[in-house]
Amino acid sequence: MRILLLTLIAPYPPDSGPKIKTYNVLQYLCERHEVTLVSLVRSAQEQANAESLRRICREVYTVPFRRSRWKDARFLAISALTGVSFILSRDASPELQRLLHRLTTREHFDIIHADQLNMAPFAVDLSGGARIVDQHNAVWTIVARMAARSHLIQRIGLQIEARRLRRAEARLCARFDGMLTVSEPDYAFLRLAADEAGVTLPPTRIVPIAIDTREEAFVHRNTQPDTILSMATMFWPPNVDGVIWFVREVWPLVKQALPNARVALVGARPPAAVQRLAADPAIEVPGYVADPRPYFARTAALIVPVHAGGGMRVKILEALARGLPIVSTTIGYEGIDVVPGRHLLVGDDPATFAGALIQLFRNPELGRQLADQGRQLAVERYDWRVVCPAIDQLYATALQRVHTVTSGL
């Protein structure tokens, strides 16, 4: 089949959650189909990253794009005046829309696959074969959860955006011929929004985010690891909220019990609020790290202290594959088929989260057991070679739906 794949960011190198998810889907599709990739790019480096994907794609097209505070302010004003969702309007790109119109006029694509909700407005009205929306998250839930953890003025704005996005997301998804979601909770949230909006979602397959367990090798950690590790993109607000909560609420309890413990908050583009956490000499904020293996070697636990978000946390899947013990909140591992106490430890309040970390430091054998069982789960359940065939099943269903509609049956 000929597939037109639209991405918000060039999915290479696979060094963040969304890029890992999309890159592994792309690998699978390119092994079986002819894929034309169209991606927004924000820099010369992203342009080069996209060009490198020509080795597996039939064709690659890019469109320059950049967000800015001025543009965001403009779209916030438009949202306030018109009632449209800010998140769904801020990535408008007439240049991308013109390119897609030229491509779909010039040739027929069997599948038009919009990767992430942000790309759905560009794909929904394109002519051709079956249109698929690939939901990395039920996006409205992320905004709603952030609202619940924000101060009054910000909370009001986020609550308004969550309501607008809830309706708009459901109505937009309903216009596609097929939908992918990464977890049952996300699908349930989208069904709830669709019911309230009075629309029907298209045929859907729940296809979890996949990783490459052959590339993510099991890590042989130090016999006495001393570091609590966070690995998360630091420009994503739920991650920032999570690490600040950890350092303010959890870390004092851990430090009191384990005076020699250290913390490494690894992740690209940490804002000033996160950089200031390094005022504690036991806390390191290195930013983006090209080779994190030295951190893995001294990791007693990888932490996922998030209280807002949606979809699946790729960092948990990668940690499972690498054999790193994990301590997470319940929201952190939402949508992943792990069993607390078998694959990871869980804490939703400071005392419980800290207690789990202290337990791992004092009982290295527990960490080794979690690591072995986590690696097995990752290989059997979350490798892209196991997960991605379900995408072709959705394609077949969506194509049959289109055929039925166009033939008038």
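Colleague: Why does Glu 184 count as partly exposed?
Modeller: In this predicted model, Glu 184 has a relative accessibility of 42%.

Colleague: What makes the contact of Arg 191 with Glu 184 a salt bridge?
Modeller: The closest N and O atoms of Arg 191 and Glu 184 are 3.5 Å apart. The cut-off is 4 Å between a side-chain nitrogen of Lys or Arg and a carboxyl oxygen of Asp or Glu, so the pair of Arg 191 and Glu 184 qualifies. Arg 191 is partly exposed as well, at 33% relative accessibility.

Colleague: Why are α8 and α9 called roughly perpendicular?
Modeller: Helix α8, residues 152-174, and helix α9, residues 184-197, pack at an angle of about 95 degrees. The range for roughly perpendicular is 65 to 115 degrees, therefore α8 and α9 are described in that way. Their axes are 8 Å apart.

Colleague: Which residues of α8 and α9 meet?
Modeller: On the α8 side they are Arg 166, Arg 167, Glu 169, Ala 170 and Arg 171. On the α9 side they are Leu 190, Leu 192, Ala 193, Ala 194, Glu 196 and Ala 197. By class, the residues of this contact are six nonpolar and five charged, with no polar ones.

Colleague: How do you know that Thr 181 is buried?
Modeller: Thr 181 has a relative accessibility of 1%. Buried means under 20%, so Thr 181 falls in that class. Thr 181 is found in strand β6. Neighbours within four places in sequence aside, Thr 181 is in contact with Gln 135, Tyr 187, Leu 190, Thr 204, Arg 205, Ile 206 and Val 207.

Colleague: What makes Asp 125 and Arg 175 a pair that ties together parts of the chain?
Modeller: Their side chains meet in a salt bridge, 2.6 Å from N to O. Asp 125 lies in the loop between α6 (120-123) and β5 (130-135), and Arg 175 in the loop between α8 and β6 (178-181), so the pair links parts that are 50 residues apart in sequence.

Colleague: Are Asp 125 and Arg 175 exposed or partly exposed?
Modeller: Exposed means over 50%, so Asp 125, at 60% relative accessibility, is exposed. Arg 175 has a relative accessible area of 42% and is partly exposed.

Colleague: How do you know that the side chains of Lys 19 and Asp 15 meet in a salt bridge?
Modeller: The N to O distance is 2.9 Å, and the limit is 4 Å. Lys 19 is buried, with a relative accessible area of 10%. Asp 15 is partly exposed, at 36% relative accessibility.

Colleague: How many salt bridges does a search of the whole structure find?
Modeller: The search finds 28 salt bridges. A network of salt bridges links Arg 2, Glu 34, Arg 58, Glu 59, Arg 106 and Glu 107.

Colleague: How many disulfides does a search of the whole structure find?
Modeller: The search finds zero disulfides. For Cys 57, the nearest cysteine sulfur belongs to Cys 30 and is 4.0 Å away. A disulfide needs the sulfur atoms within 2.5 Å, so Cys 57 is in none. Cys 57 is buried, with a relative accessible area of 7%. Cys 388 is in no disulfide either, with the sulfur of Cys 30, the nearest cysteine sulfur, 12 Å away. At 2% relative accessibility, Cys 388 is buried.

Key:
Residues are numbered from 1 along each chain as its sequence is written. This is a predicted model: local features need pLDDT of at least 70, side-chain atom pairs count only at pLDDT 80 or more; totals for chains, interfaces and linings use all residues. Side-chain values use heavy atoms; hydrogens and water are left out. Axes are lines fitted to C-alpha atoms, for helices over the stretch in contact, and angles run from 0 to 180 degrees between N-to-C directions. Helices (H or I, at least four residues) and strands (E, at least two) are DSSP runs, numbered from the N terminus. Angles under 35 degrees count as roughly parallel, over 145 as roughly antiparallel, 65 to 115 as roughly perpendicular and the rest as oblique. Contact means heavy atoms within 4.5 Å. Ala, Val, Leu, Ile, Met, Phe, Trp, Tyr, Cys and Pro count as nonpolar, Asp, Glu, Lys and Arg as charged, and the others, Gly among them, as polar. Buried means under 20% relative accessible area, exposed over 50%, partly exposed in between (1.4 Å probe, protein chains only).
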